[in-house]
Amino acid sequence: MISRYRSKAPIRAILEKPEGQKVPVWLPAGAVLYKSSQPSSTLIRMVGVAWGGRHYSVYPKDLYKKAERVSTA
């Protein structure tokens with residue numbers, strides 16, 4: 001079961017590039033994020049989300065505060 005969220009405000013995230021580089025970014029308001037089954041390797045207590053074909057790590061409190069759950073597929 002995959003949870004899907006729509007961000008209501010920009011969310012701080014870490015982009016995890018395939019070569020292992022970690023880049024701080026902001027996911028925009030209106031982005032539809034899919035909670036990823038891929039574990040977050042960035043920092044302890046972060047969760048993985050997918051957006052635009054890429055994997056990001058976000059803090060759960062930011063995800064739940066700044067996004068709304070829109071459906072589960």
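Predicted model: local features only at pLDDT ≥ 70, side-chain atom pairs only at ≥ 80, totals over all residues.
User: What makes E2 and E3 a pair?

Analyst: Two strands pair if DSSP finds at least two bridges between them. E2 (residues 11–16) and E3 (residues 22–27) have six bridges in the antiparallel sense, so they pair by that definition. They form a hairpin with five residues between them, and glycine 20 in the turn has a positive phi of about 100 degrees.

User: How many bridges join E2 to E6?

Analyst: Two, and the strands run antiparallel. The bridge partner of leucine 15 in E6 is tyrosine 56.

User: Why is E2 called largely enclosed by the rest of the structure?

Analyst: Because five of its six residues are buried. Buried means under 20% relative accessible area, exposed over 50%, and partly exposed in between, with a 1.4 Å probe and protein chains only.

User: Why does lysine 65 count as exposed?

Analyst: Lysine 65 has 65% relative accessibility, so it counts as exposed. Lysine 65 lies in helix H1, residues 60–66; helices are DSSP runs of H or I with at least four residues, strands are runs of E with at least two, and both are numbered from the N terminus.

Terms used:
Residues numbered from 1 in each chain as written. Heavy atoms only, no water.
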